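Hi,

Here is the structure I promised to pass on to you. Have a look at it first, and my notes follow below.

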Amino acid sequence: MNALAALKAIAAQAPRRSPWAGMSYTRFVASIGVKLTRPQLALCLVAFDGLEPKQLRGDLRRYARIIFGNVETIPARARRVLVAVCGARGGKTYTLGALRLLHLAVTVSLATMAPGERAVGLIVAPTLKLAHQCLRYVSGAVGQSEELSSYVVSDTAEVIVLDLPGGRVSIECAAASSGGVSLRGRSLVGAVLDECAFFYDDSGYKVNDVE
């Protein structure tokens, strides 16, 4: 076997990578034509792209102080979960939910997945109807990108399945359930808990978002 044939054989055995591997959230949303407001950009640069508030300049630093308080750095242990308390029409479900979940779906490494195992991006809301709304945002964002659209193998009211180079990822809807059962038994690339202040237990009066 000559050197060129050997290199081709090695390349064929190597795991394929997503074209978006390593891409930051803010760069990803820009690539599909989404323009963030300046406050959204400040939030996402810190919460999703890993910048520290002290690294921002000008109005972005000012907005970061309003959003995160007068802090210079975010502790590493606090970076895996974002809790956002937002008013209506603030773009939270679209920007912080749907687009972030889609970003994670196409950038998280699936190298540890077992053969036949499917990674899941989960949308949980008080009702399936509300979860469907977030999923429609995901579907709309996918439709804005010719490249992303080429990986879609299923797009229904309940789930969108992407057959990415690294493996399949499904973005699914679920209604909040008692004890957090909706989230169990899945390999998650990420999860959006939309309107979690309205997650209730079976009695209908106790908020169970922690569960």
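First, some housekeeping. This is a predicted model, in which local features need pLDDT of at least 70 and side-chain atom pairs count only at pLDDT 80 or more, while totals for chains, interfaces and linings use all residues. Residues are numbered from 1 along each chain as its sequence is written, and side-chain values use heavy atoms, with hydrogens and water left out.

**Overall make-up**

The protein chain has 7 helices and 5 strands. Helices (H or I, at least four residues) and strands (E, at least two) are DSSP runs, numbered from the N terminus. Read from the N terminus, the order of elements is α-α-α-α-α-β-α-α-β-β-β-β. The chain holds 211 residues, and 37% of them count as buried. Here buried means under 20% relative accessible area, exposed means over 50%, and partly exposed is in between (1.4 Å probe, protein chains only). Taking contacts (heavy atoms within 4.5 Å) between residues at least 6 apart in sequence, 61% join residues at least 24 apart.

How many of the 10 residues of H3 are buried? The count is 8, so this helix is largely enclosed by the rest of the structure. The buried ones are Gln40, Leu41, Ala42, Leu43, Cys44, Leu45, Val46 and Ala47. Their cover includes helix H2 (25–31), H4 and H5.

The axes of H3 and H4 cross at roughly 75° and come within 8 Å. (Axes are lines fitted to C-alpha atoms, for helices over the stretch in contact, and angles run from 0 to 180 degrees between N-to-C directions.) H3 and H4 are therefore roughly perpendicular to each other; on this scale, angles under 35 degrees are roughly parallel, over 145 roughly antiparallel, 65 to 115 roughly perpendicular, and the rest oblique. On the H3 side, the residues that meet H4 include Arg38, Leu41, Leu45 and Val46, and their partners in H4 include Leu60, Tyr63, Ile67 and Phe68.

Val46 is worth a click. It lies in helix H3 and is buried, with a relative accessible area of 1%. Leaving aside neighbours within four places in sequence, Val46 is in contact with Leu51, Glu52, Pro53, Leu56, Phe68, Ile74 and Arg79. Val46 and Ile74 are 28 residues apart in sequence, with their C-alpha atoms 8.3 Å apart in space.

**H5 against H6**

H5 and helix H6 (residues 128–143) pack at an angle of about 60°, with their axes 9 Å apart. They are therefore oblique to each other. In H5, Thr93, Tyr94, Gly97, Ala98, Leu99 and Leu102 meet H6; the H6 residues they meet are Cys134, Tyr137, Val138, Ala141 and Val142.

**Nonpolar cores**

A nonpolar core is a set of buried Ala, Val, Leu, Ile, Met, Phe, Trp, Tyr and Cys residues joined through side-chain atoms within 4.5 Å. The largest one has 47 residues, and Phe28, Leu102 and Val138 touch the most other members. Not counting residues up to four places away in sequence, Phe28 touches Trp20, Met23, Leu99, Leu102, His103, Val106 and Leu148.

**Salt bridges**

The whole structure contains 4 salt bridges, each a side-chain nitrogen of Lys or Arg within 4 Å of a carboxyl oxygen of Asp or Glu.

- Glu52 and Arg79 meet with N to O at 3.4 Å. Glu52 lies in the loop between helix H3 (38–47) and helix H4 (58–68), and Arg79 in the loop between H4 and helix H5 (92–107), so the pair ties together parts that are 27 residues apart in sequence. Glu52 counts as buried at 18% relative accessibility, and Arg79 as partly exposed at 24%.
- Arg61 pairs with Glu72, the closest N and O atoms being 3.0 Å apart. Arg61 is in helix H4 and Glu72 in the loop between H4 and H5, so this pair links parts 11 residues apart in sequence. Arg61 is buried at 7%, whereas Glu72 is partly exposed at 38%.
- Asp163 pairs with Arg168, with the closest N and O atoms 3.7 Å apart. Asp163 is partly exposed at 33%, and Arg168 is partly exposed at 36%.

Best wishes
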